[in-house]
Amino acid sequence: MNLLSIENVAKGFADRMLFTQLNLGLQSGEKVALVGANGAGKSTLMKVLMREVLPDEGRVASRKGIRIEYLRQHPSWDNSLTVRGVMLDVDHPAVHIHRAYNEAVAENNAERMAELGDQMEKEGGWMLEERMNELLNRFELDGLVYRHWTELSGGQQRRLGLARLLFAQPDVMLLDEPTNHLDLDMVEWLEKYLQDPNVSLIMVTHDRYFLDAVADTIWELDRQQIFRHEGNYASYLENKVLRDEIEQSTRSKNVNLYRRELEWMRRQPKARTTKSRARQDAFGDLEGKVKQRHEDKTLQLRTEKIREGGKILELVNVSVARGEKTLLSNLNYVFKKGDRIGLVGKNGRGKTSFLEVITGGLEPASGKVIHGLNTKIAYFRQDDNVLNPNLRVIDQVKEIAEYVTMADGSEMPVRAFLEEFLFDYAKQHDYVEKLSGGEKKRLQLLLVLIQHPNFLILDEPTNDLDRDTLLVLEDYLQRFQGSMILVSHDRFFLDQLVDQLWVLEGGGALKVFNGNYTEYRRHQQETQREETAAKPAPAKEKPKSSGNLTYGERLEYEKLTTDIDTQEAKVVELAQAVESASNDFDRLQPLLDELNQAQQALDEMMERWMELEEKKEE
C-alpha cells in the first residue's frame, strides 16, 4: 500500500537546481534511507515531502487520512509549552480523546465523561501518561517534565523531538539525523524500535551501522536525480561500486570514440554529403555525453606534520564535577604518542565536561592537567558557535591563515585548500549562515585541521557529514600519527579509529577497556551470559504426600501443578507483550484483554489448587 509519493518533483534555488523530475513512492512498512552529498538537497526534499517547501514542479501526494511526523534538525514549538505540553501537542486519536476527557472532568460532565471513558478504553487513552513517561525516561528527560522546552539544551530539544514523534505513532516518520545527541544505549534501543515491520519511514542519517540495520531501501540523491536501491546499506554500496565501474567503462569508451570521431571531423572536406551530416549529428550527441562527465570530488586532507615532544599530556589526580555532582574522580594518566581513545558513556556522565577540562575551558574540581612543551591540541566541538554566520566562508578561514603548510613543506593558498574541501569558488563567497548543516561541519573540520595539531579532541565530529566526507575523514584520522580522544555515538566510526575505550560509568567511576566499541559490547554480553550461567538453579521441592485426596482429586492436583506452571509462563509472556506494545494502540487493547483472561484463569487454578492442598494436609 502506497502511503506517500512524489510525482515529477523539481526544486531549485536562484543559483542552482537541487533535483528535477523525481518520481518515488513509500510503501507501508518500508524503511527508506535518503543518502547523498552535503548540499545535495536531502533536507529540502524532506521539507517538500512535509509540504513545508513547495516544489517548483510536480506534486506530493499522500494516502487519505495518514498522519506524518517530521523530526527536524532544529525543532520548534509554541514557546509557552512545557516538555509535557510538547509531548501532548501531537495529532493522535487517543490524545484528542484524552484532552476532551480532561475537559469533561473539569466541567464535571458525568454523561460526557462516561461516553469518553469508553473511547479512552478503546483507543488506549488510559495508557497515555505511562507511555509518555516511559519515553521521557528513555531519552533522559523525565526530570524536566514541567520545564519549558526553550530552557532545554540543544541536545535535549532534539531528544524531546524524537520522544514526541515516537509518542505520536505516525503512519509515516520523516527523520533527519535521528541519532544526533543520543548516547550509544539510546541509539541501540531506537534501532530495535524502528525495525518493527509496522514502522514506515524515510530518514537521513550518517550512522552507517544504524542505517544498515534499519533501512531496507536506499534513495541516493545524486546529480539532481534519485537512484533507488532495494536492500540495506551494505548491498547498496556493492551496487554503487558496480554502477560507478559501468559508468567509468562507458565514459572510457565514449572518450576513445570521441577522439576517433574528432579526427574524422577534421579530415572532412567542406562540402559534406547527407550521410556525413548524420555522422556529424551523432558526433554532437557523443561530444555532449563526454563533456557531461560526472566528477566525484574527494577531499585530500593533507597538512603539515608537527613533532611531539617527550611529554604529551599528563592527568594528575584529575576530578571533574558539575555543581555538587562528581563526574570523574582522581584520574591519573600519561598520554602516549599514538593513543586513540574513545570516550563513551550515557548522556550527562560528563564526556564534554572532561574534554573542556583537558583543553582548559573548564577548571578541574581537583588535580591538574599538564601539557607537553610541543603539544598542540585542536578541539572539534559539537556546536558550530565557532563559526561567524556574518562572514563569507573564505574570510572565516583567513582569520586563521592565508596559506596552509602541507606535509611536503609547500604552501597552498586558502582558496585552493577550500576547493579540496569541496567549497568551489561560488561557495567560498557564500555567507556561513547559508551553508547546510553538513557544510558547516565540513568547514569546522577545515578550521581544526589547518592548525596542524598533534593532539586531536573530537566531540561528535560525524554529525551531519555525508558519506564521502566521512570516508575521507576516517582515512585522514587513521593516518594521523598524533594522539586522539574521540567522542561519538557512531559505532562504525569508533570501531574504525579507536583501540581503547574509556567508559564513564557514573558516580565518578571510569572503566578502561582495551579494544573498540563492538569488542566492548561483545565482552559485556559474554560477561552477562557467564554471570547468568554461574547462578545456581533453584532447588526443586519434593512432591508432597497426597494425604486425604481421592484418586480423582490426586490426578487433578498433579495436573493443576503442571497447568499452573504453564499458565504462569503464559501470563508473564503476555505481560511482556503488553509492555512491548505500549507504543502501539492497535495491538495493546487485544493483548490487555488476553492478559486479563489469562490472569483470571490462573487465579481460578490457584484457588482450586489451594482447596486441594488444604484437603491433602488435613
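Q: A surface patch is made of residues with over 30% relative accessible area and no salt bridge, and like charges are joined within 9 Å. With that in mind, which residues gather in a patch of negative charge on the surface here?

A: One thing to know at the start is that this is a predicted model. In it, the negative patch on the surface brings together Asp118, Glu121, Glu573, Asp593 and Glu594.

Q: Which helices each supply at least two residues of the negative patch?

A: Look at helix H4 (110-123) and helix H20 (585-617), as each of them supplies at least two residues. Glu594, for example, sits in helix H20.

Q: Is Glu594 buried, partly exposed or exposed?

A: Buried means under 20% relative accessible area and exposed means over 50%, with partly exposed in between. Glu594 has a relative accessibility of 35%, so it counts as partly exposed.

Q: Let's turn to salt bridges. How many does the structure hold?

A: To read one, look for a side-chain nitrogen of Lys or Arg within 4 Å of a carboxyl oxygen of Asp or Glu. The structure holds 19 salt bridges. One of them pairs Glu474 with Arg208, whose closest N and O atoms are 2.3 Å apart. Glu474 belongs to helix H16 (residues 467-479) and Arg208 to helix H8 (residues 208-214), so this pair ties together parts that lie 266 residues apart in sequence.

Q: Are Glu474 and Arg208 buried or exposed?

A: Both Glu474 and Arg208 are buried. Arg228 is partly exposed because its relative accessibility is 39%, while Glu230 is exposed, with a relative accessible area of 61%.

Q: What do salt bridges that share partners join into one network?

A: Start with Lys427 and Asp430, whose side chains meet in a salt bridge at 3.9 Å, N to O. Lys427 counts as buried at 17% relative accessibility, and Asp430 is buried too, with a relative accessible area of 14%. Through shared partners, salt bridges join Lys427, Asp430, Lys434 and Glu439 into one network.

Q: Which side chain does the side chain of Glu69 contact?

A: Glu69 makes a polar contact, side chain to side chain, with Arg164 at 3.3 Å. Glu69 has its place in strand E5 (residues 68-71) and counts as buried at 12% relative accessibility.

Q: Last one: what distance separates the C-alpha atoms of Gln27 and Val172?

A: These C-alpha atoms are separated by 9.7 Å, although Gln27 and Val172 are 145 residues apart along the chain. Gln27 is part of strand E2 (residues 17-27), and its 34% relative accessibility makes Gln27 partly exposed.

Conventions
Residues are numbered from 1 along each chain as its sequence is written. This is a predicted model: local features need pLDDT of at least 70, side-chain atom pairs count only at pLDDT 80 or more; totals for chains, interfaces and linings use all residues. Side-chain values use heavy atoms; hydrogens and water are left out. Patches are made of residues with over 30% relative accessible area and no salt bridge: like charges are joined within 9 Å, nonpolar side chains (Val, Leu, Ile, Met, Phe, Trp, Tyr) within 5 Å. Accessible areas come from the Shrake-Rupley method with a 1.4 Å probe; for residues, only the protein chains shown count as cover. Lys and Arg count as positive and Asp and Glu as negative; His and the chain ends are not counted. The place of a charge is taken as NZ of Lys, CZ of Arg, CG of Asp or CD of Glu. Helices (H or I, at least four residues) and strands (E, at least two) are DSSP runs, numbered from the N terminus. Buried means under 20% relative accessible area, exposed over 50%, partly exposed in between (1.4 Å probe, protein chains only). A polar contact is a pair of N or O atoms within 3.5 Å; within protein, one must be able to donate a hydrogen and the other to accept it, and residues adjacent in sequence count only if both atoms are side-chain atoms.
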